[in-house]
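Hi,

Here is the structure I promised to pass on.

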Amino acid sequence: MRHIISILLENQPGALSRVVGLFSQRNYNIESLTVAPTDDQTLSRLTITTIGDDRKIEQITKHLNKLIDVVKLVDLTEGAHIERELMLIKVKATGAQRDEVKRTTDIFRGQIVDVTNTIYTIQLVGTSEKLDSFLAAISGTTVLEVARTGVSGISRGEKVLNV
Amino acid sequence: MKVELLSGGEILIRALHDEGVDIIYGYPGGAVLHIYDALFNQDKIEHILVRHEQAATHAADGYARATGRPGVVLVTSGPGATNAITGIATAFMDSIPMIVISGQVHSSLIGSDGFQETDMIGISRPIVKHSFMVQNPEDIPMIVKKAFYIATTGRPGPVVIDIPKDITDPNKKFKYHYPESVKLRSYSVPSKGHTGQIKKAMEILLAAKRPIIYTGGGVVQGNGSDLLKELARLLNYPVTNTLMGLGAYPATDRQFLGMLGMHGTYEANMAMHCSDVVLGIGVRFDDRVTNNISKFCPGAKILHVDIDPAAISKTVSADVPIVGSITSVLEEMLQLIKQSDARVDTQSLDLWWQQIEGWREKDCLKVTPAGNDVIKPQQVIQCLYEITNGEAYVSSDVGQHQMFAAQYYKFDEPRRWINSGGLGTMGFGFPAAMGVQLAFPDAVSVCVTGEGSFQMNLQELATCMQYRLPVKIVCLNNEALGMVKQWQDMQYGGRYSHSTYAESLPDFVKLAEAYGHVGVRIEKLSELKDKMTEAFALKDRLVFIDVLVDPMEHVYPMAIAGGAMKDMYLSKTERT
């Protein structure tokens with residue numbers, strides 16, 4: 001099963017490599033990874049999506065917690081949560097395709113953020129599943145480039161991840 | 001408060017002293033010359049100059065295992081740092097507290113492929129508990145404080161401190177103040193176990209009909225030996241130790257079934273397999289213990305106590321997991337048992353002990369003499385045990401001799417058996433024995449080795465001469481890589497692919513003599529005891545005792561790969 005693990009990490013040199021290294025060292029999978037500083041300059045927030053059964057996920061969270069630079073973590077998929085991913089996608093948009101791509105983008109509530117005579121660059125935000133669906137929906141179009149950020153997430157309601 | 005001005009190098013040495021360090025094992029080089037100069041100008045910390053950085057780490061490791069205090073290593077950048085890697089990995093696998101200080105090139109050169117530059121933080125990352133790169137000389141005291149705190153608390157482990165050369169510049173002086181305490185927001189040490197879980201475990205344990213207490217290195221590292229004895233005796237339950245846990249429970253005690261696992265005793269492995277409750281303390285259900293996990297202890301409830309939550313249910317699912325320090329959990333268990341109305345089921349326990357005595361009668365470690373005055377390797381360990389009254393510190397290398405030492409030297413005290421159980425590092429034993437000898441100058445420090453392992457760090461004969469370390473080296477010389485050869489006998493039709501070298505072995509007696517030590521060669525069983533006794537009588541000399549042993553001997557019992565714990569070869573011709 002797919003899990004989204006959010007981590008508060010000491011904003012120290014080499015801290016990220018400890019997290020990434022742990023995954024390769026113990027043969028765990030990273031599906032996506034996002035990282036950036038938080039409002040607290042001493043902390044970074046990392047979000048990792050990974051796949052594994054409960055036993056594997058338990059080991060992953062235990063080993064992550066053992067890393068000295070990991071301050072706190074939460075498996076967002078254990079409760080109600082919001083996940084978002086941003087995708088920039090550059091497609092060929094000529095002739096009849098131009099309107100079709102625009103319509104599909106509107107249906108997915110995406111935005112065309114750059115335009116040339118032959119190209120649309122579309123920005124789309126949503127769950128990974130939604131972004132996958134969009135790619136499937138425009139599969140008739142020539143996709144030139146896809147840049148996805150990977151998943152970021154946060155718990156719903158009162159539950160917070162902070163120090 | 002008095003404030004002094006010190007250079008980065010001086011700050012480091014002072015901080016180590018303030019942390020209580022008495023010995024550093026190291027080797028100088030360009031990137032650490034400022035630190036070595038700071039060492040030269042003081043007399044509080046002794047520095048032991050090894051002959052290879054790997055030996056520095058093993059010596060510090062031996063020191064740490066024997067004393068319980070962290071071992072400290074100082075090496076230069078590049079090759080100095082990479083040479084230390086095997087020793088760091090060895091300590092990491094066995095959860096040994098160690099501080100490794102490595103020099104690094106000048107900050108401005110980092111990343112430029114400078115002379116003797118290597119990314120020590122990167123290379124050591126998967127085999128350290130944590131690491132620090134020093135970026136400011138004023139940070140050194142706090143980093144040292146943190147490093148020792150991390151290395152010695154919780155599940156112990158090695159910590160690397162990488163120091164660029166400019167940080168220790170003797171011309172730049174800073175205020176020195178050593179912090180009294182340290183707190184890390186991202187690191188908390190589990191102390192007490194969960195009382196509810198301990199109660200639950202106690203109920204299951206007291207209701208057991210065929211219980212066994214299975215303990216490991218965690219009991220040694222966590223200083224839980226006395227409490228373990230109290231618990232086992234209060235319950236009259238059988239105890240087995242892992243390779244790493246030997247000595248945690250007295251081997252000569254009636255309730256001790258011997259080591260378990262791949263080369264464990266018949267009675268220990270049978271009792272594990274047939275048990276209905278396993279109380280695992282400070283163990284990690286390693287593959288060398290469990291054999292095939294799907295067939296492991298089929299009828300048993302597993303109660304697992306460990307300070308590391310990640311060790312629990314990693315390979316074998318625990319029915320009752322307890323995370324906490326060994327001593328606090330054992331104390332609480334003892335208290336609960338004493339208060340409890342529940343009593344041990346003595347009737348079932350009597351039957352259980354009868355069954356165990358039946359297995360014991362097999363006498364699986366019985367040594368059949370080879371005849372013709374040929375020495376069996378087991379007889380050497382038996383002889384060693386006798387002449388040292390079972391009181392020596394015994395370090396070992398890796399291979400058949402290691403297993404024979406584990407099986408035949410009956411350790412009654414923790415921290416006496418010093419071996420690389422997790423990583424299985426050949427070349428570990430001799431430098432580790434040096435570290436033990438430096439920690440306890442008056443103790444008998446023995447290295448049980450083989451002619452293969454010994455040649456992996458024999459350069460330390462020079463270190464032992466320089467510091468007059470009277471280590472006794474007992475070499476079970478079978479003129480081959482014995483354990484490799486045993487596997488080739490058993491699984492590869494006796495094809496000895498690159499495991500023999502009889503024609504190119506050195507004369508170990510002359511080798512020892514060349515370094516100024518004493519060498520003894522023993523080839524006949526009839527001479528074994530007298531010559532060994534003579535060698536051990538040379539109290540202030542290093543003696544290399546080269547014992548020619550039966551080259552065809554195998555280590556038994558031996559687990560049958562893929563089987564359950566009850567599946568063992570008991571000899572070349574007998575299996576369960």
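This is a predicted model: local features need pLDDT of at least 70, side-chain atom pairs count only at pLDDT 80 or more; totals for chains, interfaces and linings use all residues.

A definition before the strands come up: two strands pair if DSSP finds at least two bridges between them. Strands (E, at least two residues) and helices (H or I, at least four) are DSSP runs, numbered from the N terminus.

Residues are numbered from 1 along each chain as its sequence is written, and chains are lettered from A and ligands numbered from 1 in the order in which they are written.

**Chain A**

Chain A has four helices and nine strands, and from the N terminus on they run β-α-β-β-α-β-β-α-β-β-α-β-β. Along the principal axes, its C-alpha atoms fill a box of roughly 55 × 35 × 35 Å. Of its 163 residues, 28% are buried (20 or more other C-beta atoms within 10 Å of the residue's own; exposed is 12 or fewer, partly exposed is in between, and C-beta atoms are placed from the backbone).

The domain assignment, which is automatic or from a database, gives chain A domain 1 (2-79) and domain 2 (82-152). Their centres, taken over C-alpha atoms, are separated by 29 Å. Six residues of domain 1 are in contact with five of domain 2 in this chain, contact being C-beta atoms, placed from the backbone, within 7 Å. On the domain 1 side, strand S2 (32-37) and strand S3 (43-51) of chain A are the elements that give two or more residues, and S2(A) gives the most, with three. By class, that side has two nonpolar, four polar and no charged residues. (Nonpolar is Ala, Val, Leu, Ile, Met, Phe, Trp, Tyr, Cys and Pro; charged is Asp, Glu, Lys and Arg; the others, Gly among them, are polar.)

**Where the chains meet**

16 residues of chain A are in contact with 13 residues of chain B. On the chain A side, helix H1 (15-25), helix H2 (54-66) and strand S4 (70-75) each supply at least two residues. The class count there is five nonpolar, six polar and five charged.

**Chain B**

Chain B is divided into domain 1 (4-176), domain 2 (195-360) and domain 3 (377-555). The C-alpha centres of its domains 1 and 2 lie 38 Å apart, and the contact takes six residues from each of these two.

Strand S17 (445-450) of chain B is one to click on: six of its six residues are buried. Ser445(B), Cys447(B) and Thr449(B) sit on one side, with Val446(B), Val448(B) and Gly450(B) on the other. S17(B) pairs in the parallel sense with strand S15 (393-396) of chain B over four bridges, and Val394(B) has Val446(B) as its bridge partner. S17(B) also pairs in the parallel sense with strand S18 (472-477) of chain B, over five bridges; here Thr449(B) stands opposite Cys475(B).

Then there is helix H7 (195-206) of chain B, whose buried residues are Ile198(B), Ala201(B), Met202(B) and Leu205(B). These cover an arc of only 100° around the axis (from the directions of the C-beta atoms as seen from the helix axis), which puts them on the same side of H7(B). What covers them includes strand S9 (211-215) and helix H12 (326-339) of chain B.

Cheers
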